[in-house]
Amino acid sequence: MSEDSDLEKTESATPQRLEKAREDGNVPRSRELATFTILIAAGSGIWFSGDKLIRQLESTLVSGLSFERSQAFDMSALFAHLGASLGDLLLVFAPIALLLIIVALLTPAIIGGWLFSTKSLQPNFGRMNPIKGLGNLVSSNAAVEFGKAIAKTILVGVVASLVIWQQKDAVLALSVESLHEGSAHLGSLLWISFITITGALGVIVLIDAPYQVLHHANKLKMTRQEVRQEAKESDGDPQIKAKIRAQQREMARRRMMSEVPTADVVVTNPTHYAVALKYSDGAMRAPKVVAKGADEVAAKIRELAGANNVPLLEAAPLARALYRHAELGDEIPEALYTAVAEVLAYVFQLRAYREHGGVRPDIPGELDVPPQLDPLNAAAQATNNTGAMQ
């Protein structure tokens, strides 16, 4: 059952999948919306520029049907006359054409947004596969498009019939009106019919636009396996990342171990923790932790320190506090300055004793380590507080 669910497209498309689809030119589009907006823009443009348009058409018609006698014998003059008439006509329709271009460019922003992709122009011989073409003819999307075409035809036909039937008396009355009144009345009837029939298409748009968005989202749905595979490709294989992290830790541990021979002292627990400290007078503001570790790493630090004559000092509370509160490469906490200063003083005296002889320095006794910095004391204190509350 788990394998079957992994193969079902139940997951929404990831941002990467949506971006790839967009790069391929695959975005939701509604043809009905584009048709509706173009029709409304064209009708509105013609309506608001109707008077000027009619006058210009009348002028062009009169100019085209009348010409001078000389033009009949001079083709260049005739063509110049026709060109001038055509230019005047184009100037009249230019605002409407500009309006249609603007609307055609703005309509895609409503659904899917603007998109320019050359991949749609690249040859795809898979589209010429007749078997795939037959499959598209009987697909669910083809059935929806067929049903939508039938519904649109029925709706527009019914609305157009109702409009014509309602306006039949007004249409018959045109025959008894004067030319000027009849033309104005006819234009008004045509505008009302156009808006009503085009408004019926708006009902189709209100259904088709959300459907196209939903259909596009369903088409790009992914299986759980595809989501996991995409996550692997984008974030990297978890096993490979784990190996990389392990290698990085190993490299960091090697770099840390290379610093142990340069340390001034290694403070131990004595077996669980080991912290190597280094201090250069004048070059450092405070001693720094150059290496630290627990258990096996602590044993390796002690081994390297012994092999390189780095002093080992057993100071359990200080070792625990340094291990917990001082990060690798950082200066020690200010609260431990006094304790570490006693340790370094002992180390420098021991170094002088080994080089010049004299009296061997005494190993520091109990060091001044604040109890709250010692993890062992902090844990014991928390246990006592819990017992007291109970």
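User: What percentage of the 390 residues in the chain is buried?

Analyst: This is a predicted model, in which local features need pLDDT of at least 70 and side-chain atom pairs count only at pLDDT 80 or more, while totals for chains, interfaces and linings use all residues. Residues are numbered from 1 along each chain as its sequence is written, and side-chain values use heavy atoms, with hydrogens and water left out. Taking buried to mean under 20% relative accessible area (1.4 Å probe, protein chains only), the share of buried residues in the chain is 27%.

User: In what order do the 4 strands of the open sheet lie?

Analyst: Helices (DSSP runs of H or I, at least four residues) and strands (runs of E, at least two) are numbered from the N terminus, and two strands pair if DSSP finds at least two bridges between them. Strand 5 (288-294) and strand 6 (312-314) each have a single partner strand, so they stand at the edges. With mixed pairing, the order is 5-4-3-6.

User: Which residue is the bridge partner of Thr-268 in strand 4?

Analyst: Strand 3 (residues 265-268) and strand 4 (residues 273-278) run antiparallel and are joined by 4 bridges. The partner of Thr-268 in strand 4 is Ala-274.

User: At about what angle does helix 13 run to strand 5?

Analyst: Axes are lines fitted to C-alpha atoms, for helices over the stretch in contact (heavy atoms within 4.5 Å), and angles run from 0 to 180 degrees between N-to-C directions. Helix 13 (residues 296-307) lies across strand 3, strand 4, strand 5 and strand 6, and its angle to strand 5 is about 125°.

Terms used: Buried means under 20% relative accessible area, exposed over 50%, partly exposed in between (1.4 Å probe, protein chains only).
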